[in-house]
Structure formats: structure tokens, C-alpha cells
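Here is a briefing on one protein chain. Look at the sequence and the model first, then read on.

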Amino acid sequence: MKPLLCVAGPTASGKTAAALALAEAFARVLPVEIVSVDSALVYRGMDIGTAKPTAAEQARVPHHLIDIIEPSQAYSAAQFVADANRLVEQIQSRGHLPLLVGGTMMYFKALFEGLDEMPASEPAVRAALDEEASRLGWPAMHAALREVDPITAARLKPGDSQRIQRALEVLRISGRPLSSFHSEKAPRDAPPLISLEPESRAWLHERIAQRFDAMLDHGFIDEVKRLRARGDLTPELPSMRCVGYRQAWEALDDGDLSTLRDKGIAATRQLAKRQLTWLRSMPQRQVVACDLPGAVDAVLARAHELLQPLLHSSSHHA
């Protein structure tokens, strides 16, 4: 395997600082290029609410997959996997180290385990399912799904209209149950993954609150007002469903910003909880306690340990 390193962690765990420290520590041995693994950093014009690395931080080390699309566009896990694989190859061909850094765990998982090729959505089939659901109700649609795809039905609630519709749509288009697409794949060799996880949940909650306050101080509400004023964005778009943006959009709709801070912090805590759950399902992760003194030094030490055999073998083949 050519050298490759991943750094993941929940929001506000210190990933940017760790990544820049790694890039600077390795610069003499192996120049580093950072590939962002973040579904919010891809959007242009969404800087404050995403805690995007600043222009100065991005100038210190090459960054990829930041500011690549408009917030009116969609970006999928499949697109990320294609982009990340292409970038990793290009970075390695330059003799540099790709450092994949972020908190979108679904992207990491898709990259490590691959994605199933599922049929694209067909508006006519969706419309027919919507029409049936309006007559019969989603619990009845869920019961119909249970007849043909009991495995998928078992993990969905009878009111989960979006997923029930997708499962029935896949079945009608392909003739195959959705569960058959989630095949058992041979796991590929997952690259080394350093996971920043706090020992104290209270520490992370405090960091999340401090970060949200800093975003508000730096003009987050004005940023969302500018996005709303474009006229091509709606609260249903993936970009505007990002944590913080969704709450700010709703607060501006209601004309009441008094609860935005509390709602934004609560939503960010929920996100962090989900991120940590995803991380715990990744067997190859190497945990560094991000809330202990010297966390960045611990990341550097762990990175040296993980990369030593890869650096040795790649110099051997050079």
C-alpha cells in the first residue's frame, strides 16, 4: 500500500489543527495534501457555519474538495468516492501523502467499503407511489414492502415515508429487493485511521457551544441572509439542511432569533453523537483522546507509528 492516512472525529474535536500539525511535521519527509471528507465544506459561500479552514490555513498546505460546488447543487457519497480515489492517486503519483480529514462518516465508510450500484430514481415511479400512499397511507405501503422485502421493512418504521418509497421504487425499477443490493463485500484493506474522540462528553459539549458562539460573533446570521437572498436556495436542499444552517433558516423564517443559539447547539450535539456512533463501528480506528493535554502530539506520534511501515516499503520500492 502507498502511504495514506485518515483523520476523523466529531465536530469541534480539533481535526483542522491536528491536520495542519501533521502536514507541517511530515513536510520534510513527505509533503502532505489534505483531502476534505466533509459534506458541508464542498459548498461555496458557506464558510462561517461550516467552520471551513480559513484562507490562511488553506494556504499553508494544499486542500482538496473544498468550495467545489454551489449550494444549489447536490453532492453524493458516490461522487465523493470517485473524487477522493482520483485525488489520492494523483497525490501519491506526485510522491506526496494524501491526508483525508473530516467528519462525514458516511463518506469514510463508502470509501473503505465501497458503494452498491443502485438504480437511479425515476420520477414516474415515485409519482405512482405517492399517489398510492395518499390513498392507502404509509403504514399500508410499509406492510406491502414487508411482503416483498422483509429485511428492509424490518429496519424501517411504518411512518418513514422517504425510505419506504425508495425501497418500493428500487424494487419496481430493478425487480430486486433493496436488501439484495447491500451485498456482503470483501472488505478492502482500510487505510490507517486516527479517530479524535473525547473522554469527556462535557468537554465536547463545551467546545460545540464555544464554536457556535464564535460563528454567531463572526456573522453567521448575515451569511445565511446572503444565501437566502440569492433566490435559488430552499430549506429542502442538502446544503441548507446542514446543521446550523437549517436552524438559522427557520429562525429567519419565523422572525425570531432568540432560540437560534440553543437549537443550533442542540442540533450540533446530536450530530456529534451520531458521528461518534459511526466511528465506533470502524474496527481499524486508532483512538486519540482529543480532550487531553498534548492531544496534537499524541496524533503526531500515532501517525508516525502507522506510517512507518508504509514509508519504509514505499522508499524500498522507489
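The points below go from the overall layout to single residues.

This is a predicted model. The protein chain is divided into two parts: domain 1 covers 5-115 + 186-314, and domain 2 covers 123-180. Their centres, taken over C-alpha atoms, are 33 Å apart.

**A helix pair**

- Two packed helices are described by the angle between their axes and the distance between the axes.
- Helix 5 spans residues 123-136, and helix 6 spans residues 138-148.
- They pack at an angle of about 115 degrees, and 7 Å separate their axes.
- Helix 5 brings Leu129, Asp130, Glu132, Ala133 and Leu136 to the contact.
- Helix 6 brings Trp138, Ala140 and Met141.
- What kinds of residue make up the contact of helix 5 with helix 6? Six are nonpolar, two are charged and none is polar.

**Two nonpolar cores**

- In soluble globular proteins, nonpolar side chains tend to be buried together.
- The largest nonpolar core here has 51 residues.
- Phe80, Leu100, Phe108 and Tyr245 have the most contacts inside this core.
- Two strands give two or more residues each: strand 1 (5-8) and strand 2 (32-37).
- The helices that do so are helix 3 (77-93), helix 4 (105-113), helix 9 (201-217), helix 10 (220-229), helix 11 (245-254) and helix 12 (260-280).
- Which element gives the largest share of this core? Helix 3 does, with seven residues.

**Helix 11 and Tyr245**

- The buried residues of helix 11 are Tyr245, Gln247, Ala248, Trp249, Ala251 and Leu252.
- What do these buried residues pack against? Their partners are helix 10 and helix 12.
- Tyr245 touches residues from several stretches of the sequence, leaving out those up to four places away.
- Met46, Asp47, Ile48, Gly49 and Thr50 are among the residues it touches.
- Other contacts of Tyr245 include Phe220, Glu223, Val224 and Leu227. Ser239 and Met240 also touch Tyr245.
- Gly255 follows helix 11 and has a positive phi, near 70 degrees.

**Annotated binding sites**

- An unreviewed UniProt entry places a "binding site" feature at Gly9, Pro10, Thr11, Ala12, Ser13, Gly14, Lys15 and Thr16.
- UniProt (unreviewed entry) also places the feature "binding site" at Thr11, Ala12, Ser13, Gly14, Lys15 and Thr16.
- Ala12 sits in the loop between strand 1 and helix 1.
- Is Ala12 buried or exposed? Ala12 is buried, because its relative accessible area is 3% and the cut-off for buried is under 20%.
- Beyond its neighbours within four places in sequence, Ala12 is in contact with Trp203, Leu204, Arg207, Ile208 and Arg211.
- Gly14 is in the loop between strand 1 and helix 1 (15-26).
- Leaving aside neighbours within four places, Gly14 is in contact with Leu196 and Arg207.
- Thr16 belongs to helix 1.
- Thr16 counts as partly exposed, because its relative accessible area is 30% and that class runs between 20% and 50%.
- Not counting residues up to four places away, Thr16 touches Pro53 and Glu57.

**Ile265**

- Ile265 is part of helix 12.
- Ile265 is buried, with a relative accessible area of 8%.
- Its contacts beyond four places in sequence are Ile208, Ala209 and Phe212.
- How far apart are Ile265 and Leu145 in space? The distance is 37 Å, C-alpha to C-alpha, and they are 120 residues apart in sequence.

- Ala51 has a positive phi, near 55 degrees, and is a residue other than glycine.
- Ala51 lies in the loop between strand 2 and helix 2 (55-60).
- At 27% relative accessibility, Ala51 is partly exposed.
- Leu65 is not a glycine, yet its phi is positive, about 65 degrees.
- Leu65 is found in the loop between strand 3 (63-64) and helix 3.
- Leu65 is buried, with a relative accessible area of 7%.

Definitions and conventions:
Residues numbered from 1 in each chain as written. Predicted model: local features only at pLDDT ≥ 70, side-chain atom pairs only at ≥ 80, totals over all residues. Heavy atoms only, no water. Domains from an automatic or database assignment. Axes fitted to C-alpha atoms, helices over the stretch in contact; angles between N-to-C directions. Helix = DSSP H or I, 4+ residues; strand = E, 2+ residues; numbered from the N terminus. Contact = heavy atoms within 4.5 Å. Nonpolar A, V, L, I, M, F, W, Y, C, P; charged D, E, K, R; others polar. Core = buried A, V, L, I, M, F, W, Y, C linked by side-chain atoms within 4.5 Å. Buried < 20%, exposed > 50% of the residue type's maximum accessible area, 1.4 Å probe, protein only. UniProt positions renumbered as here; feature names shortened; annotations may be inferred.
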